[in-house]
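Trainee: I've got the model open and would like to walk through it with you. Can we start with how the chains meet?

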Amino acid sequence: MNTKPGILLLLAALVSCSDDVDTAASSEISTSVEAAAQSSSVETAAVVDKILPYPMTQHQLANGLNVVTVPFDSPGTAAFYAVVRVGARDEVEDGVTGFAHFFEHMMFRGTDTYSKEQYQDALKSSGASANANTSADRTVYHMTGNVERLDLMFELEADRFMNLNYSEHDFRTEAGAVKGEYTKNYASPYQQLYEMTKNTAFDVHTYKHTTMGFFDDIVDMPNQYDYSLEFFDRFYRPEYTTLVVVGDVTPERVNQLAETYYGSWERGDYITEVPAEPMQTATRFVHLQNGNIPSHISLNYKGPAFDDRAIDMPALDVLSQLLFARTSPLYRKLVLEERKARSVGGGAGDSRDPSLFSIDASLIDKADMQYVKDEIVAAIETIKNEGVDQATLNSIKSNLKYGFAMSIDNPDSIARSLSHYIMLTGDPETINRLYAQYDTVTVADVQAVTARYFVDSGLTIATISEDESGGIQ
Amino acid sequence: MLRSSSRNTKLRSRFLPGLILLCFACSLVSVSQAQEIVELKLPNSNKVSIKLMFKNGSISDPEGLEGITQATASIVVQGGTQELSYSAIQDRVYPMAARYGVSSDKEVTTFSFEVHQDHVDEFYPILKGLILTPRFAEEDFNRVMVNQQNFVDQTIRASSDEDYSKKALEDLLFRDTNYQHMKQGSSASVNNINLDEVRTHYQEMFTKTNLIVGIAGNYSDGFLEQLKQDLQQLPDTSPSVPEPGAARMPNGIEVEIVAKQGAFGSVIFTGFPLQLTRADDEFAALMVANSYLGEHRKSYSRLYQKIREARSMNYGDYSYIEWYEGGGRNMLPPSGVPRSSNYFSMWVRPVQIASQLRQQYPELADLEVGHAHFALRMSVKELDVLVEQGLSEEDFEATRDFLLSYTKLYAQTPSSRLGYLMDSRFYGREDYLAELDQLLKDLTLEQVNAAIKKHWQVDNMFVTIITDVSEAQALADSLENNLSSPMSYSNVMFEGLSDEIKQEDALVADYPLNVRKVTIVDSADTFK
């Protein structure tokens, strides 16, 4: 699991469940994706210098579907994940925000082989813990259960990915459930602020809207049946999808199941053209008036896209630890000593396109909002100008490694971690590359990313208080 | 106490020291020096998990100091030791990425520690210091209490209407008992707690006589011996933990509507007392019935199918035969919340309110009450059908088969496996999940349907509804007068409805609820 510090607003980014981290790419895989004429397999042996201590096999079907298998000591149990690299990012047309998430719901509405009632019965008979969730950059379908029923899981998943078929009425019906989900989430003022923050920080990129989408679009969803068919045709294709199976399995069995059930899936050709976000030129402000929760401030700086070949994101991850870990001077000052804040935390969101480095603080007294903001900025400046001692840097690297090592203690968490990196690069090996990069991060790297990304012209300040405005400069 | 005397006897006998040494798969139970030890050796694991479960939760809070058990436990883990301040501990723990924390519930408080095998020896003195010689520093106390005060003053009312509805229901079900109050306490009681009381509470209530020690992972025998020996330094007094309060059965259906400014929907939680826990073999039978009716987060259950899948009313609808911690975020039931006072409940996630529907659909411009009344009727009616007709052989077999596989997923990590084993001890069992497997295999349809008849009914229950102030009075009038509550669809939904759905809707709209009392409470007046 990613060890980035928890951030209230980032928690709101994922719709349905929770999700996280993982691994690094190999050139063989990239090549075979390009060629895509025949199946190919690559086995990555478990080696001591890789953060993932288990052997991982990748097998690519001729249609481009990548299959990742990690045998793990979990007798009788396996996790089966299907990662589709489509999310709110791909919602480029007007009026259809929230559609990737809505479509995730539609995937439970039956096929020609399994009517919706039969599908539900079959799902129950799998005895699995099954669900799905959507974020800005991907949709993940997951089943964890009895490995003896893995064939059924493959059959059910492949069937709906290839042969989904629902009526217009079922489509309209499911739209109501999405509205119900929005209603549930909207009870949290932090969710409301998150929605406002994205809408303010971005002008044209699709990260402007949350994964749930704009409420007006959600209300209009029942009228978008034709678009839903187009959506399925575009994105539910093998080249967008990676299967991840972790647990009491062998690569041979998994690859055979994949060939059997997904072999006839036809490749598509759609590529989303996401509008590039223009350079932000001045600090932006957004405020939520709500006196029923503690006053809150969120500083959101434009950050980089995830790139496992660049040092920026690993350096920013280290920076977030320097700033917000419970050992950090800032945390100690604001939370422990002066008790101006209940909590302070933050980090860069891993995303395919440039997104936000978000910092959140919950305040004891709203009168301290400007002070807390200034202290956070001062802490960033201190690191930028003075750097940090090597012992602290080493301590962070140790924390990141041990934190991850302790988190991968079951098939589900391993599959979830791999899914996160497949989302980002398409390649589960990214996890090993990222943790190798953490080892190479220098003080100069941290100072460089601090100077590059923490500028006022890239900042959006979001606040919650009982007042009409945030009153922050 | 509503529990039957026979079960009381059973529970107590299972808590007696001197349990027979039993070995299941990888778990070992032993009793040493009045301590109960639960072991789960996992030689291939890279870490060690330790849980210290004190059979002492919020029911032990003295009157006027509700929330003190939660506060005490929080200050232990968010504070220092006699030797090290909180900050000094963080400096040592951070490079190890060791994790520790506490969860407190009605009847137990569990401290959990997890550390990589590379750091066990280095970390252990911190664990030992926190439990045996907690610092209870003024600054740590102040910091923790400010947050706990904020939770009872603001967070519970403002962050999740769903959690709010559950706490509000327990407030009704357990009125005037030690089970009534939130573990965090109330606005007044948290304000009453001082540091001396916290110190005393820890000294008196967290003793070696009410402790179950759990350890899992890759540890040595010598390490465990050291742990056992050190824990002998805890006080050996027997805390006066009171008998758990029992849920009360209302006379008819009693509804409490909590009116809140700016609520976007209506969330419903309803329940009545249940004379059954995991300690009883019959629990497995009711588990099958409950899974069929409303398995948590499962789309194939009846409530979900009727309310969400067919009618698009909300995000999900579930039922429970025991407390489910963190229902909004957990897909599988977490360990660490065993309870001996139990209740059945149904959870209807937020449905639309009239003001929202009026804005969204011109055809609903005259609507006065949103979907809450219909959703409540639909839920109770589904329960009614089950009570009257029971499960079919086919549904019984499918649901039992599902549970035989699904319950094995409850404990996938070393920590959750250990947690389930420790909860087993609370219920007087050795290994609940293993025993459940056999109980499910041995079940018959007749036993399931008999359990339904014995434990479920639809005439008496408490209902809490969190809704917007604009909805409260009209909803209250509708419920109190048993007014017809036809389902209000948008035109695009209505035109595609099958005759079967329309006919069922007509029945639900006038399904009689035995409503005897409806009250409206201002959100500001709850948990004071």
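Mentor: Two residues are in contact if their C-beta atoms, placed from the backbone, lie within 7 Å. Keep in mind that this is a predicted model, where local features need pLDDT of at least 70, side-chain atom pairs count only at pLDDT 80 or more, and totals for chains, interfaces and linings use all residues. Residues are numbered from 1 along each chain as its sequence is written, while chains are lettered from A and ligands numbered from 1 in the order in which they are written.

Trainee: How many residues does the contact take from chain A and from chain B?
Mentor: Both sides get their own count. Chain B gives 53 residues, and chain A gives 54 residues.

Trainee: Which element supplies the largest share of the side of chain A that touches chain B?
Mentor: Helices (H or I, at least four residues) and strands (E, at least two) are DSSP runs, numbered from the N terminus. Elements that each supply at least two residues include α4 (116-126), β5 (129-134) and α14 (390-407) of chain A. The largest share, 13 residues, comes from α6(A).

Trainee: What is the radius of gyration of chain B?
Mentor: It's taken over C-alpha atoms, and the globule rule is 2.2 Å times the number of residues to the power 0.38. With 528 residues, a compact globule would come out near 24 Å, so chain B agrees with the rule at 24 Å.

Trainee: What distance separates the centres of the two domains of chain B?
Mentor: Domain bounds come from an automatic or database domain assignment. For chain B that gives domain 1 (33-231) and domain 2 (253-525). Taken over C-alpha atoms, their centres are separated by 31 Å.

Trainee: Which element gives the most to the side of domain 1 of chain B that touches domain 2 of chain B?
Mentor: Here 33 residues of domain 1 of chain B are in contact with 30 residues of domain 2 of chain B. Among the elements supplying at least two residues each on the domain 1 side are β3 (35-41), β4 (47-54) and α6 (161-173) of chain B. The one giving the most, with ten residues, is α6(B).

Trainee: Back in chain A, how many of the eight residues of strand β10 are buried?
Mentor: A residue is buried if 20 or more other C-beta atoms lie within 10 Å of its own, exposed if 12 or fewer, and partly exposed in between; C-beta atoms are placed from the backbone. Strand β10 (residues 341-348) of chain A is mostly covered, and its buried count is six.
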